[in-house]
2 protein chains.
Amino acid sequence: MAEQDAPDSREFLYLAEGIKEASMINQRYQSMLAAKSVIRELAEYATARGREIGYENVFDFSLGNPSVEVPAEYNQSVIHRYQTMSSMDLHGYSPSLGNTQVRGIVADSLRRRFGIPYETRHIFMTSGAAGAIAHAVRAVTSPGDTVLTFAPFFPEYVPYVEGAGARLEIVPARRENFQADTDAFLQMLTPDVQAVLINTPNNPSGALWSEETLGQIAEILRQKEEEYGHDIFLISDEPYREIVFDGKKTPYPAAFYSNTLTCYSFSKSLSVPGERIGYVAVHPKATEADDLALIFGQISRGIGHNCPASTAQYGIADCIDQTSDLSVYETNMNLLYDTLIDLGFTVTRPGGSFYIFPKCLEEDAIAFCNRAKKYDLILVPSDHFGLPGYFRMAYCLDTDKVRRSLPVLRRFVETEYPGRFL
Amino acid sequence: MAEQDAPDSREFLYLAEGIKEASMINQRYQSMLAAKSVIRELAEYATARGREIGYENVFDFSLGNPSVEVPAEYNQSVIHRYQTMSSMDLHGYSPSLGNTQVRGIVADSLRRRFGIPYETRHIFMTSGAAGAIAHAVRAVTSPGDTVLTFAPFFPEYVPYVEGAGARLEIVPARRENFQADTDAFLQMLTPDVQAVLINTPNNPSGALWSEETLGQIAEILRQKEEEYGHDIFLISDEPYREIVFDGKKTPYPAAFYSNTLTCYSFSKSLSVPGERIGYVAVHPKATEADDLALIFGQISRGIGHNCPASTAQYGIADCIDQTSDLSVYETNMNLLYDTLIDLGFTVTRPGGSFYIFPKCLEEDAIAFCNRAKKYDLILVPSDHFGLPGYFRMAYCLDTDKVRRSLPVLRRFVETEYPGRFL
């Protein structure tokens, strides 16, 4: 079945043709549909090209789809549950905030790992980080409010925030290392900002925010909360928390600021993105900490989504502190980073995630990435990440394929940008 | 783990205490939270009472949680997939509209069963019927539009419709048989109505709408579409489609009206409510039929929900035309119906679902159901279903328990309403 799971080319046909006028269908979604997803278009191109020349010959760095195996224990434990639990216990309704014991297991793990006294009532189970962020934004903003995030940023933040009726504003990137530009942040943190959305390790830059950066962000937030007399929530998107390099650990944003809603997905740490499983953890000292999960439950009613699948909840609970073997991402990162540096790219060495974000060799990132396509290198131009002139490579690929891509990358650069080597 | 999955009493504690004022937390959800869920409160009462006297002694007719086993083939096929599929194929991202092959299998099944030429592109996989309805309403309404439904109705329609920014208006019940009051419908179908939400077999009444009823509804819709010059979509909520009695089949609403969005859940037919798996099927002749699934995909981005779990999609695809052994619901219905009639209740014999909806023996349904609690009979008053003075019994219970409830029901009626037997 899986080989037919590549994006349905029909979808892209419709996207490419644009949508006919239809007065009765909600116009807002029509226009979203008309705004093509660059990443999915590239993935579709890669799939089509793969059919022509063999997918092994397409160096597809477009999609952030985990490439390593789920831990064997995950599958074993789910199979065991299928074999031993009663139908009603295994497949019955979850409570709307998530299976109570699973929520407790998540709280215990966070408490143990980060020293913050989470309890069951602070955890709300979601459909991955997407569901987590959508709930968090709806809970702490009202239509018309502003949410700040930092460039470069994951483009799906736009629909999450606009879906809640709020506006997303972008703090410009600090290009030298992709830490936060705290001066710009301080200036943009006006009274209408109710929430700040951060993502470390970062998609697309791979930047791991330092304790210093997080401390400064927290200090500014506390200062402005006091000045404006209202809460400002930090919504921390952490699907890459466990993918960090050079033996480091990800500084935990909620440890720096108590009005933090931690949004997590197990998609990357356990390689189960199809299971759509994650959570929001409300810092126990956040404003209304004891009620926020209940409010998330109310939000779920309105969007018709009542909990992730029960079996996925059991699966992650049984493997709560495990991860897939994530070392391949560091191996791949090093191969790409060294080659990119050698080829003369301006690039920040990623601290985590499975992305790298070099500066293009010409101003127009789309033109740059189009040239790369001729070499069957699928690179994502940065325009949609809120910072033109860069490109993203997602290196969740077999290391062998990454290795084979390196001479192609070299040929691309040497052929298309020979001036770089004068 | 499962025995602790009853609704977290803490949640209900918070509900009961009401929510503190919190200026920064979205007020809309605060007020939703303050409006307690009567059904969940009753379920919580039943759980608490069960702890006191043994759950086997509480006749809990409050929750519509399927009580029969998942088909053995479902578990076997999922286990087989866990044992044989690659991690990436099993747990990888689904395309955002659902696994393409699963969508095709759903389309094939509907085509085969109902003779309507659905194709893959007409199917969008959702988190159960809740997700299906939420997407359907958002797609065909704009904020401020009106959606009509028929009393008695499932109270969660209110958040689904209001969550989309539309207003839900209720066509009064036709009490003699709970078919549609088509005269009232014709009158209420004003130009601001963009969608009509129906549910047959019905929660809470158990009514199965006849071909005649559906034909009349369709005729009125076509007439008003022409008169007003705009589409009016029929959103058909069909989680109980396969639970029908007396050897009947559920007339398929989309067969009567082509602007139909069929919202389905496998929760009841396969007894897998915890898996959160369903779909919207767009009638191939609906307006914009080829684009609506794509629009649902855009809506998903905004609510942060990208598809049901991949393993649940595989599970239902492998069992597409199977059901659990649903015969217990008919057995239970007959036992209750005969006893209720014998006790002098005014009650319409259900044609399907696992609900029965008798008239109370006093005007105030809440008072009636409170009296029943003294006998450890947990009945749901009808006020939230849009028709005061009735009560709902969900008979998705072991038949033995239903049998044991009958003398208790008799004792309740004879003791509390002795005048009925003069």
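Predicted model: local features only at pLDDT ≥ 70, side-chain atom pairs only at ≥ 80, totals over all residues.
**How the two copies relate**

**Helix against helix across the chains**

A:Ile79 belongs to the set of α4(A) residues that meet α4(B). In each chain, helix α4 covers residues 72-84. The axes of the two α4 helices come within 10 Å and cross at roughly 165 degrees. Angles over 145 degrees count as roughly antiparallel. α4(A) and α4(B) are therefore roughly antiparallel to each other. Their crossing is left-handed.

Which residues meet here? From α4(A) come A:Tyr74, A:Asn75, A:Val78, A:Ile79, A:Tyr82 and A:Gln83. From α4(B) come B:Tyr74, B:Asn75, B:Val78, B:Ile79, B:Tyr82 and B:Gln83. By class, this contact has eight nonpolar and four polar residues, and no charged ones.

**Two domains in chain A**

Chain A is divided into two domains. Domain 1 is made of two segments, 37-68 and 325-421. Domain 2 is residues 72-318. How far apart are their C-alpha centres? They lie 28 Å apart. The contact between the domains takes 26 residues from domain 1 of chain A and 27 residues from domain 2 of chain A.

**A helix pair within each chain**

Next come helices α13 and α15. In chain A, α13 runs over residues 327-342 and α15 over residues 399-416. They pack at an angle of about 10 degrees, with their axes 10 Å apart. Angles under 35 degrees count as roughly parallel. α13(A) and α15(A) are therefore roughly parallel to each other. On the α13(A) side, the contact is made by A:Val328, A:Thr331, A:Asn332, A:Leu335, A:Leu336, A:Thr339, A:Leu340 and A:Asp342. On the α15(A) side stand A:Thr399, A:Val402, A:Arg403, A:Ser405, A:Leu406, A:Leu409 and A:Arg410.

Chain B has its own α13 and α15, again packed at about 10 degrees with axes 10 Å apart. α13(B) and α15(B) are therefore roughly parallel to each other. Residues in this contact include B:Leu335 and B:Leu336 of α13(B), and B:Leu406 and B:Leu409 of α15(B). B:Asp342 of α13(B) and B:Arg403 and B:Arg410 of α15(B) also take part.

| α4(A) and α4(B) | roughly 165 degrees | within 10 Å | eight nonpolar, four polar, no charged |

Most residues other than glycine have a negative phi, and most peptide bonds are trans. Some places in this model depart from that.

A cis peptide bond joins A:Ala151 and A:Pro152, with omega about -5 degrees. A:Pro152 is in the loop between β3 (146-150) and α8 (157-163) of chain A. In chain B, the peptide bond from B:Ala151 to B:Pro152 is cis, with omega near -10 degrees. B:Pro152 lies in the loop between β3 (146-150) and α8 (157-163) of chain B.

Phi is the angle of interest at A:Phe178. This residue is not a glycine, yet its phi is positive, about 60 degrees. Where is A:Phe178? In the loop between β4 (167-171) and α9 (182-188) of chain A.

How values were computed. Residues numbered from 1 in each chain as written. Chains lettered and ligands numbered in written order. Heavy atoms only, no water. Axes fitted to C-alpha atoms, helices over the stretch in contact; angles between N-to-C directions. Parallel < 35°, antiparallel > 145°, perpendicular 65-115°, else oblique. Left-handed = near helix turned anticlockwise from the far one by under 90°. Contact = heavy atoms within 4.5 Å. Nonpolar A, V, L, I, M, F, W, Y, C, P; charged D, E, K, R; others polar. Domains from an automatic or database assignment.
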